[in-house]
Amino acid sequence: MASRAATSTAIQPPPSAAPAVPLNTVGAEGTLYVSQPYRSSSNKLRAVVTFAPRKSLFDISNETSTSNEFRGFFSLFWISLFLFVVRTYVRSIETNGYILDFEFASMISRDAITLALSDAVLVLNTALCVPFAKAIAKGWIPSYGTGIILQHLWQAAVLGTAITWTFNRQWPWVQSGFLTLHSFVMIMKMHSYLSTNTQLAHVHKRAEKILAQLKEATDAEGGWDTALQKAEETIQQEESAAPVPQGTPGIPDDTPAGTTTSYVDARTAVTLRQRLAARATAGLNADGTASAVQTTGTRVVPPGAAAVPTYPPTPAEILVHHPSEKIANLAKAHAELERELRGSVEGRVRWPANITFRDFAWYQLTPTLVYELEYPRTERIRPLYVFEKTVAFTGTFALLYTIVETFIIPLTPTKEQSFARSLLDLAMPFMISYLLLFYIIFECICNGFAELSYFADRQFYDDWWNSTSWDEFSRKWNRPVHTFLLRHVYASTMSSYKLTRQSAMFVTFLLSAAAHELVMAIVTKKIRFYLFALQIAQIPLIAVGRIPAIRRNKLLGNLVFWIGLYAGFPLLCVAYCAY
């Protein structure tokens, strides 16, 4: 079916000498292949649209990962960790007479019902975004100015209430950290939802104004229907002049499993290919290099986030081919704005029809922090896949619990202990805990919710373990947060406040560092700015890492990255706990 579209980052139009080569785009939600129009057995012009969703790297159904030369080390890691935990249990039974003393369990289960109710109130509070967005859409609240002020005051109130409630309950660090982090997640979702709908309200006003000008121009040419007919005739002339191959083209050889294929009419295919080509040139500088920020009409998007919808051509897209230059230019401007107001996948949802409680609830269930009118969807929910992620979550959490209970809590550093010995004792347990927590969040939880919400984009992380610099690590290890910061902080500050790339990067790091330090302050009940200082220190380290002599030595860069990660966790633990 033609509803499986993708967000584009790089598009390579085929040369005119090879019309059979499909146009494709690899993007944040998958790969979209569009074949050249062909003539079917019924003598109708058609085209093949193929969408291949992307999967997370550790997903056992990912063909790329299962064919990787290092896949055996993945199995070795889990087997070794399992044997290590079993050995820990045996030694504990021999020494103490029990497997674990469950001190950590009593800590995380404390005031569990109150925590659950507090989290439920936090989530339900976000539903107020829907009437707020409706008020903006109807013009009751100005889209800019008053609307933005109210939005930020509300978000600040949510965060302040969560922090105050956490301190009043005197929760342990687990509960405090969970509610604070979940508050940040909800605030980011709220911000993206309201900011996107506010931008679309502005786009809608511009589209209506240009549409009125377009209708005036077509009236001068004999009316709207006459102008459409002339544009259709021009398109038919272009189609008849182009060579059309016979027979159905084959699906590209590099499409992975899970690919969906559909057949569309030639007119839709031509429009889709034009949209792909337009996305290829969007965001390019005069010299042909990619710019830092792309814009679609008035909406700011980060590099590589331009969507390519697959719905049939709109009247404005048809009028782009009108012989009159004035009508064609107005139609092009309106078509670009209209694409923003429609969903980027099927194009069935047009703003403001998306502002409903059902749509918002679906967005809350989807493991993404950036709101879109539509997302690429899978065909069905696979019960065995959900069961697999549930079992993986349970088993991995048991391993994580054992590591924390046995090797971290008993070794919590104090001022009396040796600083170097504390670092040595905690380095390995913290690293293993970090890897397990990463797997739980991004492979088990995110994939589980993605399956339940039919979400086709499963690339929640990249190969951050191969990072050679800290900026590469920040881009790869947490894709949802990185995408949010890229669109709503980095790109927005460059567009709204005309900041340079360096200034926008500094603002992004500053906001991220402040958020991390706030979490540490709530968890430890201390304000020390250790984590804040370490994160800000990444900025000069990034500049050093971009020196050509250092950038060429990828092995050295990766070695420095891992040493820094190994030392960072125990260093922060000792600093916040003992000092």
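**Helix packing and burial**

Analyst: Helices H7 and H11 (residues 325–341) pack with their axes 9 Å apart, at an angle of about 155°. Axes are lines fitted to C-alpha atoms, for helices over the stretch in contact, and angles run from 0 to 180 degrees between N-to-C directions. The model is predicted: local features need pLDDT of at least 70, side-chain atom pairs count only at pLDDT 80 or more, and totals for chains, interfaces and linings use all residues. Residues are numbered from 1 along each chain as its sequence is written, and side-chain values use heavy atoms, with hydrogens and water left out.

User: Why is H7 called roughly antiparallel to H11?

Analyst: The angle is about 155°, and angles over 145 degrees count as roughly antiparallel; therefore H7 is roughly antiparallel to H11. The crossing of the two helices is left-handed, a term used if the near helix is turned anticlockwise from the far one by less than a right angle.

User: What makes the contact of H7 with H11, by class?

Analyst: It has 13 nonpolar, 4 polar and 3 charged residues. Ala, Val, Leu, Ile, Met, Phe, Trp, Tyr, Cys and Pro count as nonpolar, Asp, Glu, Lys and Arg as charged, and the others, Gly among them, as polar.

User: How do you know which way H6 runs relative to H7?

Analyst: H6 and H7 pack at an angle of about 170°, their axes being 10 Å apart. That value falls under the roughly antiparallel class, so H6 is roughly antiparallel to H7. By class, this contact has 10 nonpolar, 9 polar and no charged residues.

User: What is the reach of H17, and how does it compare with the one expected?

Analyst: H17 (residues 501–524) has 24 residues and reaches 34 Å from its first C-alpha to its last, close to the 34 Å expected. The expected span is 1.5 Å times one less than the number of residues. Just after H17, Lys525 takes a positive phi of about 60°.

User: Which residues of H17 are called buried, and what covers them?

Analyst: Buried means under 20% relative accessible area (1.4 Å probe, protein chains only). In H17, the residues in this class include Met505, Phe509, Glu517 and Ile522. Their cover includes H6 (146–169), H7 (173–219) and H21 (554–578). Across the protein chain, 47% of the 579 residues count as buried.

Notes: Helix = DSSP H or I, 4+ residues; strand = E, 2+ residues; numbered from the N terminus. Buried < 20%, exposed > 50% of the residue type's maximum accessible area, 1.4 Å probe, protein only. Contact = heavy atoms within 4.5 Å. Parallel < 35°, antiparallel > 145°, perpendicular 65-115°, else oblique.
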